[in-house]
Every structure is written in C-alpha cells, then in structure tokens.
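Have the model open while you read.

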Amino acid sequence: MAHDGEIILDVRKLDAGYGAAKVLHGVEFTVSRGEMLVVLGRNGVGKTTLLETICGLTTWQAGEILFKGQNIERLAPYRRNRMGIGWSPQEREVFPSLSVQENLAVVYRGGKWTIDKLYDLFPRLRARRDNYARLLSGGEQQMLAIARALASDPDLLLLDEPVEGLAPLVVQEMVAAINRMRAEAALTIVMVETKHEVALAHSDRCIVLDHGVIVHAAPSAEMLADHALLDRLLGVAA
Amino acid sequence: MAAILTVLFNGVAYGFLLFVMSVGLSVSLGMMNFVNLAQASFSMLGGYIFVTALQGYGIPFMLCLPIVFFAVAIVSVVLERLIFRYFYKTDDLTQVLLTIGLVFMSIAMATYVWGGTYQRFDMPAWIIGQKDVFGLTLETYRIFLVGFGAVMAVTLIFGLERTNLGAMVRACVDNRRVATACGLNTELIFAFTFAIGGGLAGLGGALSANLLGLDPNFPLRYLVYILIVVSIGGMGTITGTLVASLALGIADVMGKYYVPQFGSFIIYLLTVIVMLWRPHGLMGRGA
Amino acid sequence: MSATEAASQAAAPHEAGRDYFASLARWKVWEILFWATLAGCYFFPDIDRMLMSRVIIWGLFAMSLDVLLGYRGIPSLGHAVFFGVGAYVAGFLGKFGWTEPISGLFFAMFVAGALGLVMGKLVQRVTGVGLLMVTLGLNLIVFDFVLRSTELTGGDDGLQGIVIAPVLNYFRFDIWGRTAFWYAFVVAFVLFVVTRMLLKSPFGLALIGARENPRRMLTLGAPVEGDVSRAFMIAAALAGAAGALLTQTTQTAAPTYLSFQRSADVLVILIIGGAGRLYGGFIGAIVFILLQDYVSALSPVYWYFWIGLLLVIIVSFFRKGLLPSVEQLYDRLRSRKSAGPPG
Amino acid sequence: MSEAVLETKNMHMAFGGLVIFEAIDFSLRRGDRHAIIGPNGAGKTTFINLVTGLLKPRAGEIWFDGRNVTQDTPQQRVKAGLVRTFQINSLFKALNPLESVMLALLEREGRSKPSLRTVAQEKPLIDEAMALLDRFGLAGDAFSITDALAYGKQRLLEVVLALALKPKVLLLDEPAAGLSTQQGHEVFAKLADLPGETAILFIEHDMNLVFQYADIVSVFAAGSMVLQDTPENVRASPRVREVYLGA
Amino acid sequence: MKTALSMLAATALAALSAQATTAQETLKIGVLQSYSGMTALGGTHTDMAIKLFQQKYGDTPGGFKLQLVRRDTTGPNPEVAKRLVGEVVTRERAQILIGPDFTPNTLAAAPILTEAKVPSFVTGAATTGIVGERSPYSARTFFATPQLCKPLAAYAVKQGWNKIFVVAADFAPGHECEKFFIAALKEANGTLAGNLRTPLSNPEYSGYIQRIRDAKPDAVFIFMPLGELSIGIVRAINDSGLKASGLKIMGTGDITDEGYVDAVGDAALGVITTGIYSTQHKSALNEEFVKGFMQLGEGKHRVGWSAVSAWDAMRIMYDALESMKGQKFDPDKFKAFVYGHKFESPRGPVQIDKSNGDIIQNVYIRRVERVNGVLHNVEIETIPNVPFK
C-alpha cells in the first residue's frame, strides 16, 4: 500500500548521538501522512536513538529534520511535541507518582483525543484511573504510555517497542488499538519493534538500521516474505 | 483548664510558625525533589527585606508581605537560572553541599550588608499585645499567625498541590526527559515552582524573624528545625508538612509545659522515632 | 589495568583473574609517596605541627565516614557522635588516672565501636532521608545530653583535668606539637593500613556490592542489614580513634567535638576529597583544614564566604570530589598517550 | 510423579485490598524445566517474590527441599539453594563481571566476614569465577565495567550470578526480556546445558522459547493457576487460548 | 618523672625566649576572639576598641612596637582555640594575648600559656576560678559570674519582690549563675517560686511561660547567653502579657545588652539587670570613650562589654609596658605589674586582684529606659568593689 500524500517527516543526512558520541550516521528517510513506518534492526543499532532524535532528546550533530516542512532539528523537545510529535518511550516511562488520570491530564492541551476518548480506546485504563501509574502492570503501563502520547494530539506518533514483554493476548489487543487509532485519526506512525512478524504484518513500509546506518528499505509485505533477507539483516533463525 | 487551652493554642500557633518557616523547603524538596538548604537563606533575605521595608521605608505591615514574597521569588528565580538548574539531576549529597555552600556565602554577605547585629522590628500596634478570646488571653500575633498560616496552607494545598500544575511539577520531577518530550516546558515549570518556593521561604522569614531575632546566622540556626519538619511531614506533600508542623508545635509546647526538664529532647526524640517508624515521613509517598 | 590489557590476557583467563585482584591489593607508588610526603611535612621549616596533626586527625575522621558512605553507601549526619564519644572516653580515662595514651586509644575505639554497632542495628533498615534525619536526631540528642550534663562532662566548659602521660612513657605532648604530630601520624597510618586491608578483603568487596545493589546482594544470600551494622561499627571505631587522638594531643574534650556542625564538616571534607577511595578523606582534610586556617587568618570575619565558595566550586566543577577528578584527568592523559583516540 | 523440590500450599496474597492470589498450590519437581506463563498482571513476578521471600504471603505455606521455609528470610532461602534472577537487570553497575561473580562465590562459601585477607588470596574461587565467565562467553569482558557491557551480555551475567551460587532451584524472571529472538535462544541453549539436578522455573512471554525448552508449563491468570501440564497440552487447551494465547 | 618533664619544658622555653629576645623591637600581641558565626560581634567590638585605643595612645607603648596577630576562635571551640593559641605562641611568637574568649577556650589555652609564660587578658569568659588558678599569667578584664548573678537577689527582696522565678539557659554558665542566684536569694530571705532550664537552641517559650504564670511570682530572674535567646525570652514574657500584669523582669546584663536591646524593642523597657558597664555611666572618661566608639563605628555599633574589656586590657597592657620602658619584655615583671593594678575604666574604678589576677569592680543595677528615643541601660544603683567570688 503506497501513500502518495504529503511528506510529513523528512530526515536528511542526519548525524546524532549522545554528547560527542555519534550513533546515527547520515540517516535519510521520509514518511508520508497517514503512513506507518517500521524501524527494524538488532539490539543497539540506534533504533531508539533515531526516535529520540526526532523527539529532540539526543544531541543533534548534523543534517536536517523537516516536520510539516519546517526545520525542527534545533527545537526544544516540548516545542516539537506542540508541533505534533508524540512519543511512547521504550521502557514506557509513565510518571510513577501520578495517577493514571493525572498522567493524561498533565499533557492534555485540548484536541480530539479527550481523556474520555482515550479511555474508550484503552478501557482497562478507565478502570484504573485513580491508581498510581507505578502500580500498573506492564501491559497497562504500555497502554498508558501510548495514551499519553496521544493526549497531546499528535500528527506523528513515535512508538518504541509497544509490544515488548507483553502477553500474546495483550499484544493482539495493542495491535488492534493501534489500528483503530490510525483508522480514526489518520495518524502517521513510526514504530521501532524487535518482534518483526507483528510489526511488518501491520505496517506499510520498513527501514532496517545497522550500526547507525540505514542498510535496507522496503515495503513491509515484501520484507515479511523474504526470509533469507530477514535472516541476513536481523539474524532471525527462521 | 484555661492553662491547658492556652498551652494548646500556643502549640498550634507555634506549629503554624514552623509551617510558614518550612513550607518553602517543602515546595522545593517535596515537589521538586531538590534539597535546597539555601531556602533558609531565602528566609533570612525575606526577613531583611521585610525589616527594610517596614522599618526603613515605613511601608504598612500587610503590604510588606507581598513585597517580600515577590522580591525573594525574583531573587530565587534568578539564582535558579544561574546556578540551581544545573543541579536538578545530581544526587542529594551534591545538592546539600552546593546549597550549604551558598548558605555560608549568604551569611558572610548579610554580615557585610546589614552588619552582624540583630535587627530591630517595630511591629504595628494592631498586631502586638493580647486579646481575650472565649475567656482566654491570647497573643495577637499568634492569632494572626494561626489565621495567616491556615489561609496559606489551604491556598497551597488546593492551589498548588492538588491541581494540574502540581501534577505537572511532579511529572517533571518523575521524568524530565519524558515530560519535555510530552510537551511540558520543564524549564519554565521548574523556574516557576522554584520562585514560589523561594517566595514562600522569604515570607516565612518575614513572619518569623521578629519573634526569633534576625541576624546573619539566622539560616544556620533554624535549618535543623526546617529539615525536621519537612522530613517528618514526608517528601512531596504540603499537607504532610502542615500536619508535621502542627504535631511538632503542639508536642514541643506541651512538652515544655508538662516536662520542662526534657527541653528540646522531645522534638529530637520524636524525629528519631517517626523516622525509624516511617522513613518516608508521616505522609510521604514512599520510594 | 585498562580494558585493552585485560583483553589481551584473556587467553590465560585464570592468571588474568588472579593478577587483577593482586593488582588491586598492591600498594601503588603514589600511595607510598603520599604517606612519605605527609610524614615529610614534619621537617618543613616553619610548619605548624599542631595544625598538621589536626589535619591528620580530621583525615582519619573523614576516612572513617568513607567506610560508611563511600564503601557502603550510607550517608550519616551524625558521625560526630562517635568522634565525640571517643574523645570523651579518652578524656575520662585521662581524668581518672588511666593516663597511658595507647591503651586509652584502644579503649576509646572499643567503646565507640560498640556504640556504632548498636546505632547500626537501630538504623539498618532505614535508608535515604529517613536515615539522614535519624542520625541527625541522635546526634542532636547526644550533643544536648553532653552539653546539659554539667556535673558529668563539664558541659559547655569542656572536660577538665585531663592528664595524658607521655607516649611510650617517653614522648611528652609538648606545645610544639612534635609528639602530637608523630603520634597522630603513626596511629592514623596504622589504622589506615588496617582499614585498607579490610576493604580489599572479601568483606570490603561485599560492602561495595551492597552499596551498588543491596537487593541483588540479598538475593546472593548476603547479610545486607548485618553489613550495615558492621560498617557502622568499623566506622565508629575509627571515628572514635580520631576523637581520642584529638583529646590526647590537645588534652581537651568539649561538646563541640560531637556537635552537628562537626558531622556536617566531616561530610563536606569527605565529599571535597572524593568518597569511596580511602584517600578522599585525607585529601579533603588537607584542602579544607589548611584553607580554612589560611582564609580565616586572612579574613577572620568573612572567611565563611570563601569556604562556601569553595564548596560551590567543588560541586560545580569537580562533581565527585577532587581525587576522582584528578584520577579521571590522569586516566584521560594516559589513554591518550598509549591507545590513541578512544575507540 | 518424582519428588517435588519446591511447593506452595494454599498460598494467598493481596496488596491492601487487591487480591493477587486466592490459593495457589504449586509444585516444582527436581531437575524440571518449568515455565510459568500468563497475562500481564497475573502475578507471575509476585509469585517469584513470594517464593524467594522478598514478599510474605498472607496465608499458606512454602516448602523447599523438604522444609517449610515460609518464615525464612530471603538470605536463608538463598543459602538453602533457591536462587533467582530479575526481569530488569539488577547488576553491580560499577563493578566488573569478575568482581560481581566473586561476590556471589564468596557469599556462597561464607567468606565475606570481616577479615584482613585480601580477595587476591582466594585463588581457587577466582579461578572458578573465571571459568564460569568463560563458559558463558564473558571471559573477554571480565574486567570491563558492567554498565558498559552490551545488553545481551548483561542479561547473561544476570544468569551467571545466579548460577554461581550452585542453586538447587533457579528462578528466572523473563531471562530473554529485551533480547532479540536469536539472543533469547542463545541464553536458553546455555541453560539447557546445565546439569540435570538443577530445577529451573522461568517466566517467559515468547511462546517459541516456552514450547521449545520447557518440560512442563503452568498457566497463571486472574489470581489462580489455570493449568499445569505439558507444553503440548497447554498449547491445545481452549481455556489457555482464551485467557492468554489468543486466537 | 616530674622533674624530667619540667627540665624539658625549661629547655624548650629557654630556646623560645632566646629567640624572642634577639628579635626584640616588635612585640606581637595575639588577639584571639570569635569573628565569625553566632558570636562574631564580640570579635568585631574587640577590634574596634583596640583600634580606638591605638588611635589615641599610639602603638609603641614603652618603646615596644606592637604588632597584632588576629585569629578567629569561631566561638566556644577549645580544639580550635588551643591550636590557635599554640600557633600564635610558638610560630608567631606572640608574647601577650588578648583572649581567647569563652571559658572552654580559656581553659584549653591555660596549659600553653603557663608553659610558655605568656600573659593573657581574659576578655570574654566569666566562669569562676579560670584565671590565675589555671594560668598564673592571666588577668581578667571581663567579669566573674557571681558579680552579676548574686546582687539582684538582695535588691529584689529589698524592693518587696519576694517570690522569684529563675530561668537559666541549660548549659554550664547557666547552671553556675542559677546556683549563685538561688544561694543569694536564700541569704536574702527571698522565696524561690520555681526554676526552669531552657535549651540552648529554643525558638519557642510559651510552654515555659505558662509555667511561670502558674507559679505566680513577683519577679523572674533570667540568665541567657547573648543573642537570640535573650531577645526571645524577654519578648515572649512581654508578648504573653505577663509583664503588663505586673511581673518584674530581672537578669544579668546579657538580656538587654546594648548590642541588641533595639531588637528586643519596647519589651525591654523597665527590665532590671546587673551590669559592669553601661554607655550611660557618668564619667568624663566614659563620655569620651563612647563618643570615640560611635565615631569609629559610624553610629552603627553600640558599645558592648567586650569592647570595654578589650579597652581595659589595652589600658593595663600599655601601663605595664610603659613601666618596662628601656628594658626587655619580661613576662614575670609584666605579671607583677598587672596583678594588683588599679585604674580608672570607662565602666568605673577597676582593680586586678593581687593574688590571682581576677577582677574586682563596681556592679551596677540598671533599668532599661528610653533616652533620647533610644533604649539604654540606665544605672540606678551602684554596688562598689564587688569581689569575684
């Protein structure tokens, strides 16, 4: 499935890392509005760094990031968020000393994803709205992290390993929620995931990172079918 | 009976005195998780600004209080931008050392500017003396302290702690990286909270200095009390600070009345017992 | 040993492991230099030997806190209690006729250590702010008690009538601080050597393990809480020795020896020098005490300002203390010389 | 049925008013490779915390190696041979792997009492530590700071630390968490090589790993044990599909 | 054993004085006061008094060129004081000391001063038996506790205030003062209505004040150290309404010290204290002294007792050095001059006791009054030549 729509995110020759250390080397890719892109790769190749660079949490070193046509590579993270970039971090990182409700309320600034609507999307959160976030189970924390990212009403959603460590049934629930989000809000999603079967099955395109460099880019369906390539790039014992 | 009630009232008043003295630290330590011992210096500064305004410029008492609050808030936010913000992420001990260093510096600077002597306070006539309330002879200033402290506590608890702003501050403290990526302007929120904490500390200084005597050693003298109140109350809660202040105030005054030979043991012993029993304080949120 | 060297030895892993621990325990050149220089201070012309013995005593005191804070990760705001108890025990012995200093020192260590064990047992389950406040509270209580018990301790006036016999029945404590210097130096050095051995032993490794991750130590079957009281006992005994040294070299013992101010000072000294390195306390004491002496003579009224500024500068630019910063600099220089740019 | 080395009898647990377990009767046989699966929040990690003594059950008994250990401290259980790893790495970040393993070995041998003998004098234990690291491919990293190791290696070290104690029962809380599929298989392959008398109880979400390495599977859901059976039967169970595996 | 010791000491001292005499022209004076912390004011005032004195009398009495060596004792801290005294005596070779202040510091310094034969002036410690008894070269220009703590008992009874409540800070000087006052009260046939000891760090008095109220005394006698405790208790008694209901407040001069009587404010009005010095003392010498001091301090400082003590120490020192004109400095001759010396001080006539160097002086009973809009301790009765025991 190809999207010919407007390019919402345009990353050009991007170098970034932490302090002086360089993790990403000349990364280039684009994402169209409404598209879902998956970033694959082994552990420690820079997938999380890529998402955090788009959020503005790493040290930008060279290159450009254009979001909706504007250069954002030097903007503070909260400004990027206000421009429409939402992020669900790898370790969920919900605010532990806030209740579920507060976790959502602190970032909600108006917009179509009202807290009530987020509870519709993740009914389990509604049941636990007054509990401290640190008391939630792993799956609930993951839901809260995604709901929190949605609460700031993003156009682009960055998901870092949204199904890692979840029970199979919860994985299915999560995938359904993501699909529903896309259907309802025409969200653009960039997702990092190690469970490539799940990720590829539900996305449009994928890029593969290795040591901070994009080594392959292809439509997801094509990639999923090519077992030899998967094995070579991701070291998957088929 | 009258004696008991008077003692009880005085305990409550002392509790509110402790509350206004320590609520500044409660905000910075409790809400922002920043061990800012320099709050005691902000209190001293508040005391000096207060005495300068009241004594030097003859500004009415009730007008002096907001002046003190805003002046100290401004000073504290300037310092926050210059120094403190680089230390939010460091560990407790580093923060203790930094801020105790600043306390030392503030003592020397206050000596330089205001001299080593105690300041003179001429409080307005309406606030000194005694009043008869329900047959008890109570000190007017203590009545004022109870009223002012109560209003302050209610304002802070419902205006700062239990609001979205309070939650935002806690979110920033919990995880600054994520908070900023979720659209919270963490720098602004911290600076704002810091200013409130500083302003409150200054207000505490202004309200307590005339009772306690104001000289350049003010910060070191009352630091221990402030620390005791805030940690017994528990990190992260203004309500806790209020409860602890009142409990300690009443216990101290009652203790001094009924068993004067124990002196300040009561307050210290209470500290040790409470902290052994509940290391996170009476209303602390735990680890 | 750097990572590259270690990797090259991986071919003979067993030897490499033994070598690693042997190298940790070995005395380094700079360590010998440090103690030699400290001893050599004595011979500098115009040196204030009383001041130097005070530096050594504070160094030992800060080292005692290092066992607790640097190695076991337990902060204490009440460490002066042990110092003061050591000081008063040595003082009482001197006052009531047991004037021999070395046995007096041991007895003071024993009493302080026993108190440390009790205090350790009391606080072994408490951490963080709770621990700080409990130790602070206990410090205030003990201080108050000593201050108020005029009949027993002389209160504010200090303990009077302390007599200390010459060391080894020969070296008298003179006003020049000659005996004081050597007595303090030798005692501090011997206690340092013992502490060093203790910390290089499996027990020392276990302390570090519990500092790094108490929960994990628990699941390795380690007596994590017991280690707290043991660390307290050792640190208290060492602090007691420092207190006894001060009493014996100056024949005074006063409530300030166990004031909260002193607990704060020793913490500051240790952090300035750098915790977790055994030498941090001594380095901190040299810097802090000498600077305090110098600045307070130069500007008696405003020296607080300069000490405060020193603290601010240290935490701003040498965040972990002087010694670790020097170590980092040294490592960086060395790696640049030997391995080229870091990989 | 062969002898049980670890059993819980009628174990009840709740946090405040929130009931975690109604009454769990569980048993683990000597030498078994036993997996626990179940939805997030079903109390799997709580179960391990209870068994190892980090938490105390509201009611019920825990038996280990023929002894009631319900009132034992965590340390006593470790000394008896009941050892665990953590779901999120819980390592000694500032120490290197050799020192970390030495900590475990010195504890096992009871040699961590205060003494003036240096660690260097414990030559046989140092050799044992190096051999253990070598077996898990960590010898080359023995002197690197743990915090600087790759995630996969830290995960292995987590297991090595537990194994150094020569446990009778090894409890692994999601040993493959955060690892790629391949790394997960590597860890389980190493575990499969362990001597047969060590029983292994592991929590795992990756069904491929569970069905490949487990002899027996327990399914936890909603405060109780739904099923304890062979992997084949579990996979086939409609009830398990409903609460956990999904369609 | 003892003889061996004293021989060793003798040789050390011989070496010391040999070196000292060769470098004669200048004479170093150690000034050991607290310049920092809670007690910094004493040091500041001492410095001002010395400066004022030298402005007037120069710095070469008897041909000795004086050089001051100032050190900060930081308060009652014998460890620091002892080391500083050692340093000033052995390294700086100071031959006369002003200070150290505070009893513990004085006691800690005594052995060094005795051994090195260094005369010293006790300008800031009041405990009995710490002067000549401890170091035979010391003289006190401050006061001894009984001088201030005894007289008010008889005075109060004479005024008809028979029931007296005693409040003292809970530390050694407080205990001593309490003992002297209660003994004197018994002697004067007064009644002790009760007594309380209050902690040294105490922001709150209301519990204690209720106790005083319950005891219904005619007067309360207070001993508190200089500073916030004195301010606190006087204000607290006033604010509670006890003073308005007729309770008389008495105490040693500390509670209305000129240094902070302004901070006590109107609460201090009418408080009766014993004192050794008041700026209101009527004498030509005092008027000149006060004027000079105010000029020096640009009006920011009021004269405290440490200033007078330092001034008198300088007075005695200069007189003694003048008497040694043309000779080498000799501590024994210095002592011989000082012990038994009588002179006129801004506070009135003063005599140093011949046998142990303690001070014999007038004690004044004063009342706080407003003079020209400023609170002052006005002398209302003089008790002449009060001994130090």
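Let's start with Tyr258(B), which sits in helix H10 (residues 238-258) of chain B; helices here are DSSP runs of H or I with at least four residues, numbered from the N terminus. This is a predicted model, with local features needing pLDDT of at least 70, side-chain atom pairs counting only at pLDDT 80 or more, and totals for chains, interfaces and linings using all residues. Residues are numbered from 1 along each chain as its sequence is written, chains are lettered from A in the order in which they are written, and side-chain values use heavy atoms, leaving out hydrogens and water.

Now for the interfaces. Contact means heavy atoms within 4.5 Å, and buried area is the accessible area (1.4 Å probe) that two parts lose on being put together, summed over both.

| Chains | Residues in contact | Buried area | On carbon and sulfur |
|---|---|---|---|
| B and E | 31 from chain B, 30 from chain E | about 2800 Å² | 54% |
| C and D | 36 from chain C, 45 from chain D | about 3700 Å² | 70% |

On the chain B side, Tyr118(B), Lys256(B) and Tyr257(B) lose the most area to chain E, together 22% of what that side buries. Two salt bridges cross between chain B and chain E, where a salt bridge is a side-chain nitrogen of Lys or Arg within 4 Å of a carboxyl oxygen of Asp or Glu. Arg221(B) and Glu228(E) pair up this way, at 3.3 Å from N to O.

Over at chain C, Phe21(C), Arg216(C) and Leu220(C) lose the most area to chain D, together 19% of what that side buries. Chain C and chain D also share two salt bridges, and Arg18(C) forms one with Asp127(D) at 2.5 Å, N to O. Helix H2 of chain C supplies the largest share of the side touching chain D, ten residues. By class, that side of chain C has 23 nonpolar, seven polar and six charged residues; nonpolar covers Ala, Val, Leu, Ile, Met, Phe, Trp, Tyr, Cys and Pro, charged covers Asp, Glu, Lys and Arg, and the others, Gly among them, are polar.

Note on methods
Helices (H or I, at least four residues) and strands (E, at least two) are DSSP runs, numbered from the N terminus.
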